[in-house]
Amino acid sequence: QVQLVESGGDSVQTGGSLRLSCAGSGFPYSTYYSDYYMAWFRQAPGKERAGVAAISLRGGITVYTDAVKGRFTISRDNAKGTLFLQMDSLKPEDTAVYYCAAGRMERWGGPTMLLAKNYMYWGQGTQVTVSS
C-alpha cells in the first residue's frame, strides 16, 4: 500500500522559511519511487487544491506555479524515496495545507504537471501558516 507522509509544516512569520518533506513507501510491485513524477499541491481555506511545484523522475526538470517562482524549490532524493519543498520568503498567502502527490505519466508535461488529475497517490497533508 502506497504511503506518502508529509512533514515540516509549521507556523512562521512573513519572510520566514520552511522545508517540507514527503517520504514515500509501499509502491506497487515492480515499480520504484524513481518511476513516479512527484509534486506539491496546496489547499487554502475555502479554495480548491492547486499545484505548487512538480519534478521529473530524476529531478532534472521542475515547474512552478507563478506565485512561488523564485521563492520555492522542489527537489527529490530517489535513494531515500523523499520529496522536498524549500520555501523561502514566505507570505501570508502561502498559508495552506500542503500535500505531496505521486503519479506515473508517459512523459513530462510541462505546466500540466501541476494538474491534480495526473496524480494517483496523495499524502494526508501538512499545515503551513504564515502570519503577518
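Let me start with Ile55, which counts as buried because its relative accessibility is 1%, and the cut-off for that word is under 20%. Please keep in mind as I go on that what we are looking at is a predicted model. Ile55 lies in strand E5, and if we set aside its neighbours within four places in sequence, Ile55 is in contact with Tyr37, Met38, Ile61, Thr62, Ile74, Ser75, Arg76, Leu83 and Trp108.

In soluble globular proteins, nonpolar side chains tend to be buried together. Which residues of the largest nonpolar core touch the most other members? This core has 28 residues, and the ones that touch the most other members are Trp40, Leu83, Leu85, Met87 and Tyr98. Several strands contribute to it, with at least two residues each from E3, E4, E5, E7, E8, E9 and E11, and the largest share, four residues, comes from E9. Apart from this core lies another one, of nine residues, which includes Ala39, Ala54, Met113 and Tyr119.

Is Ser21 buried or exposed? With a relative accessible area of 19%, Ser21 is buried, since the cut-off is under 20%. Not counting residues up to four places away in sequence, Ser21 touches Val5, Glu6, Ser7, Trp40, Thr82, Leu83 and Phe84.

Finally, let us look at the cysteines. How many disulfides does a search of the whole structure find? The search finds one, and it joins Cys22 to Cys100, with an S to S distance of 1.9 Å. This pair links distant parts of the chain, with Cys22 in strand E3 and Cys100 in strand E9, 78 residues apart. The link of Cys22 and Cys100 is right-handed, with 45 degrees about the S-S bond, and both cysteines, Cys22 and Cys100, are buried.

Methods:
Residues numbered from 1 in each chain as written. Predicted model: local features only at pLDDT ≥ 70, side-chain atom pairs only at ≥ 80, totals over all residues. Heavy atoms only, no water. Buried < 20%, exposed > 50% of the residue type's maximum accessible area, 1.4 Å probe, protein only. Contact = heavy atoms within 4.5 Å. Core = buried A, V, L, I, M, F, W, Y, C linked by side-chain atoms within 4.5 Å. Disulfide = S-S within 2.5 Å.
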